[in-house]
Amino acid sequence: MDVCVKEEVLETPIVTERKSRNGAVLVSPPGPVIELSSSSSGSDSDSENDLDLDSVVASTLWDGGRSSKKRKTSDAGVVLPAGFLSPLPPAPESPPEPLLALPAPEWASNSASGSNAYMRPGVNSSKQFWKAGDYDGAPSGGSASSTVGMDHVRVHPKFLHSNATSHKWALGAFAELLDNSLDEVCNGATYVNVDMLINKKDGSRMLLIEDNGGGMDPDKMRQCMSLGYSVKSKLANTIGQYGNGFKTSTMRLGADVIVFSRYPEKDGTSSSQSIGLLSYTFLRSTGKEDIVVPMLDYERRGQKWDKIIRTSLDDWNKNVETMVQWSPFSDEADLLRQFNLVKDHGTRVIIYNLWEDDQGQLELDFDADPHDIQIRGVNRDEKNIQMAKEFPNSRHFLTYRHSLRSYASILYLRLPSGFRIILRGEDILHHNIVNDMMMSQEVTYRPQAGVDGLLPKDSYMVAVVTIGFVKDAVHHVDVSGFNVYHKNRLIKPFWRIWNPAGSGGRGVIGVLEANFVEPAHDKQGFERTLVLSRL
């Protein structure tokens with residue numbers, strides 16, 4: 001996006017003031033002024049008659065102070081202090097004052113320990129997701145990127161955090177990453193594996209999401225790391241469409257992510273493999289004011305992998321140094337060993353420096369169930385967990401808010417044949433809540449004709465709704481709501497579209513796929529439109 005700036009040179013002289021060491025105000029001669037605005041008309045003042053004291057003082061000073069001897073008030077009748085407009089004495093010659101030296105931030109002393117030191121979030125870097133955006137970055141101009149020939153919009157690293165806050169619910173971030181792997185079925189993916197890894201540098205826990213899809217070539221890797229770029233919106237039968245899910249989901253789960261992807265030989269192009277590092281810790285700790293993403297690319301030549309050097313060998317070495325310092329890996333050889341696990345093609349995503357809760361514990365709970373990933377806090381209800389054991393047909397309603405295994409089992413209305421979702425060594429069993437119903441029936445929703453007998457233009461809005469009572473309703477379990485899917489993906493789990501004062505509607509559940517309503521960017525709700533309200 002280009003920013004068009006109208007440059008307008010004003011002929012009115014502007015007086016610039018600065019103070020010398022003895023406190024005297026020095027006046028610089030006027031010069032042309034470039035006004036960075038799209039229009040020169042209008043004023044932000046509350047009244048057209050407001051006095052501009054700066055103009056009064058400036059015009060009088062340019063007059064050499066002669067008018068101050070004739071009057072003590074300005075043209076607008078404002079009384080000025082005696083001697084306020086008197087000529088200023090000449091300033092004594094003195095060397096310019098040195099700039100104020102600010103103390104170095106804590107991360108600066110830490111980073112001086114050498115490039116091989118592994119950097120984790122420091123004392124001033126919050127490990128809680130909702131507080132991680134509270135930092136100011138480098139002083140203005142400290143690490144600004146140069147702009148060559150064209151104005152452009154800069155993206156501050158804090159945007160990575162604010163962008164990720166669209167995910168209020170951590171399991172919704174997992175769903176985005178599962179979507180990316182499911183979209184790779186058209187490129188040969190047969191599984192997605194979600195697991196926990198241990199960081200060898202500091203013993204902390206990390207997240208792994210990997211698939212055996214088509215992988216990404218160097219250009220696609222850069223598109224993946226870019227904000228808002230997506231080719232999926234042009235493809236049928238894909239879930240991703242906004243080009244934002246990878247960034248929001250990974251940054252919601254942890255401060256840093258490193259991606260390994262191998263792209264097979266295709267259409268006459270040689271096989272390639274790429275590594276990309278998106279590290280909020282690195283950007284924040286080094287005071288970057290732009291999002292910098294180190295990348296390494298390799299191309300297969302016979303039996304060996306050659307470096308793809310886009311600029312210079314020095315830049316390549318800087319990227320390697322940055323990755324080694326800010327990732328869980330000790331050197332370039334350690335990075336390349338990850339491709340032995342990717343094999344011929346696929347993508348391996350590792351998220352580390354996982355966020356913590358207010359109690360200093362990881363937000364994700366890996367210990368409650370060795371074959372599940374759960375979340376702590378308000379989404380976890382011990383009473384519901386016990387009820388789920390007693391009422392198995394209501395289990396998903398009672399546990400999907402805190403259990404990834406429960407949520408992922410109902411995340412897709414249909415799973416492609418032969419595709420597996422593996423969570424910590426065990427396959428997730430796909431589940432359709434229609435199987436939890438009794439006295440079920442199908443109702444076809446379609447727009448009704450108006451008073452003139454004509455169908456509305458949006459006659460394509462047709463959905464088959466399966467509705468019934470949950471089998472546990474006989475026990476008066478408070479379960480109700482509709483699972484609403486969009487293009488096979490669950491958007492609103494157990495959506496309660498009514499709030500009865502009594503027990504009306506209790507036990508009623510439904511399933512429908514509504515492809516004619518647009519999901520929100522976090523895919524946890526729908527855009528509030530007239531189409532949605534009709535549904």
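Visitor: Which residues point the other way from G481, N483 and Y485 in strand 18?

Guide: This is a predicted model, in which local features need pLDDT of at least 70, side-chain atom pairs count only at pLDDT 80 or more, and totals for chains, interfaces and linings use all residues. Residues are numbered from 1 along each chain as its sequence is written, and side-chain values use heavy atoms, with hydrogens and water left out. Strands (E, at least two residues) and helices (H or I, at least four) are DSSP runs numbered from the N terminus. G481, N483 and Y485 point one way from strand 18, and the other way point F482, V484 and H486.

Visitor: How many residues of strand 18 are buried?

Guide: Buried means under 20% relative accessible area, exposed over 50% and partly exposed in between, with a 1.4 Å probe and protein chains only. Strand 18 spans residues 481-486 and is mostly covered. The number buried is six of six.

Visitor: Which residue of strand 20 is the bridge partner of Y485?

Guide: Two strands pair if DSSP finds at least two bridges between them. Strand 18 runs parallel to strand 20 (residues 508-513), with five bridges joining them. The partner of Y485 there is E513.

Visitor: Which residue in the turn between strand 18 and strand 19 has a positive phi?

Guide: Strand 19 (residues 489-495) pairs with strand 18 in the antiparallel sense over four bridges, and V484 has K492 as its bridge partner. The two strands form a hairpin with two residues between them. The residue with a positive phi, of about 50°, is K487.
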